[in-house]
Amino acid sequence: MAESRSTSSSGDRNEINGGGEFSFGRSRSIGRNGLAKIQTQKQSTTSDEVCHDDSSAPVKAQTLDELHSLQKKKSAPTTPIRSSGSPHLFTISEEDRQKQQLQSISASLASLTRETGPKLVKGDPEKKSESNHKVTHHHHFNYAAPTIAVSDSSLKFTHVLYNLSPAELYEQAIKYEKGSFITSTGALATLSGAKTGRAPRDKRVVKDETTEDELWWGKGSPNIEMDEQTFLVNRERAVDYLNSLDKVFVNDQFLNWDPENRIKVRIVSARAYHSLFMHNMCIRPTPEEVEDFGTPDFTIYNAGQFPCNRYTHYMTSSTSIDLNLARREMVILGTQYAGEMKKGLFGVMHYLMPRRQILSLHSGCNMGKDGDVALFFGLSGTGKTTLSTDHNRFLIGDDEHCWSENGVSNIEGGCYAKCIDLSREKEPDIWNAIKFGTVLENVVFDEHTREVDYSDKSVTENTRAAYPIEYIPNAKLPCVGPHPKNVILLACDAFGVLPPVSKLSLAQTMYHFISGYTALVAGTEEGVKEPRATFSACFGAAFIMLHPTKYATMLAEKMQDHGATGWLVNTGWSGGSYGAGSRIKLAYTRKIIDAIHSGALLKANYTKTEVFGLEIPTEIEGVPSDILDPINTWSDKKAYKDTLLHLGGLFKNNFEVFLNYKVGKDSNLTDEILDAGPLF
């Protein structure tokens, strides 16, 4: 201690930095134990005996609430990607714009038995500043005289959370929705409740004077009818439920990247999960587009947490997904599965786009560096996602597209990928896209690390990830491209009799497009495994609205007008059916797809197969020639022919449901399509 006193009194300088701003120097006073006192009073910077105070001016807030309000500044909604456009001219005040926006939303939420929509106010009801908000309600429609003049819901305010950003929706989900968590990669894990997939048997379409003639009804059709009155009953139930809540989420967004043919959609929902899902899956508007949005072309009322009334006509369960094309509305009751919104809107596009002579397609789409576009059709398990995602090509979209006079365009603004057994090695792009902003549905994760186990099926096998398309590194933005050069129909033939690749005529393309074939491996029963044929018209029967031959005719016309070639690619078995043969190697299939893209297959020599009459190339670079004709790979030739005839019979039986619809004058085109199928 004596040494300490000696040191401190010796006057030796002890500085932390050369700037002198924070320094210990000679002290005029001695503290306890002989240590120099630290000087905290600000003094002249020329003095070397001062400890300077770097504290800034006090914050401009008197309370913690005021401090928190300073933390966030006003901004436009988070809206990515705007291709082009003229600067927006502001012609109305911000207050009037906000008032018009709320009036539009109030009109959307209006009950059909009351003259006005609900009283709306923007913002989270948890915030205490609602007294500063402007309140509005709007007499949007001239309804019949109301049977009930006043109700509880008309006396309350409904808070509108409008076009929230992903960060804001994260906060809402985690705070208010049980089962919402942030995973280790930053994605939002959530649960869809009792329904973990679509409910096609509970989806109904209003049959009226127009849709009775336009839509595909009857055997084989996905369209289950309901009348307008029943729709209005369910709409009223959904709207009353949403208006009874303290807050609703409203998304105003677009469908179709083609600016000339885009559709304005409004989604009203009760969950942040649903709002974030649609934020990712629809096209996100710019701030200028939000201000000019106006009245939507189509509205979804998602009251999925509330069941339908089982005593209502047509109801067969507590779930009902109802589509009214005349009113341009969709009502969801009794299911919280977000995929119902995505596929419901896809069905709407399957109705609206063909009326504009635009073909809507359930397909993947990519584009080469030279501008050559390819469409990929295929059911689950055929490799559509794997083959359309090519690091040497730009991804236009993974699931839903339009083909118009302008070329192809993606309908959506995001991707909805399956997650079961997902790995970084197999699907690196999807793996890397699961980050902040992505919705993970029904996955299982470690309770401590929050790492997702993609192999765990405890909740469901239908685990999914919904993310914006810009999360894919080679996505083409905006998601549009020129007219396709190749139309690739994928089939996983577990019977092992279809060739790895066939060049199709226009009639054959129509036949196989309408058939929508693949084969799945059935479950094991007493040690016996056998393939099971699956047919889905237009490779998406659950979503089409018109008769399949209408879409097929449009496809053939566009292919003919723009010189596109049709191909049938088998990604299934060779050398025998499942259990005897082996699956065609993915490397070979990629070589085939590369040869299609490059145009090399157009120059190949071809031979024709029996029964299906398919043209198959005799040689492809990088692919063994002996597998190109499937009969060469079967040791038992009789078994091959028997299996080929069996599959041909399945095709014929499936196609019978389409024979009552005639295509073209004098049904000549119908006969052409039939002749393009198996003949024996």
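pLDDT is the predictor's confidence in each residue, on a scale from 0 to 100. You'll want that score in mind here, since what you're looking at is a predicted model. Averaged over the protein chain, the pLDDT comes to 86, and 80% of the residues reach 70 or more.

Two stretches to treat with care are next. Residues 43-52 have a pLDDT below 50, and beyond near neighbours in sequence this stretch makes 22 contacts in the model. Residues 523-528 are also below 50, with 2 contacts beyond near neighbours in sequence.

## A strand with two partners

Now find strand 7, which covers residues 203-206. Both of its faces are covered: K203 and V205 sit on one side, R204 and V206 on the other, and all of them are buried.

Who does strand 7 pair with? One partner is strand 12 (residues 320-324), running parallel to strand 7 and joined to it by 3 bridges. There, K203 is partnered with I321.

Which residues make the contact? Helix 12 brings L506, T509, M510, F513 and I514. From helix 13 come several residues, including P548, Y551, L555 and M559. Sorted by class, the contact has 10 nonpolar residues, 4 polar ones and no charged ones.

Definitions and conventions:
Residues are numbered from 1 along each chain as its sequence is written. This is a predicted model: local features need pLDDT of at least 70, side-chain atom pairs count only at pLDDT 80 or more; totals for chains, interfaces and linings use all residues. Side-chain values use heavy atoms; hydrogens and water are left out. Contact means heavy atoms within 4.5 Å. Helices (H or I, at least four residues) and strands (E, at least two) are DSSP runs, numbered from the N terminus. Ala, Val, Leu, Ile, Met, Phe, Trp, Tyr, Cys and Pro count as nonpolar, Asp, Glu, Lys and Arg as charged, and the others, Gly among them, as polar. Buried means under 20% relative accessible area, exposed over 50%, partly exposed in between (1.4 Å probe, protein chains only). Two strands pair if DSSP finds at least two bridges between them.
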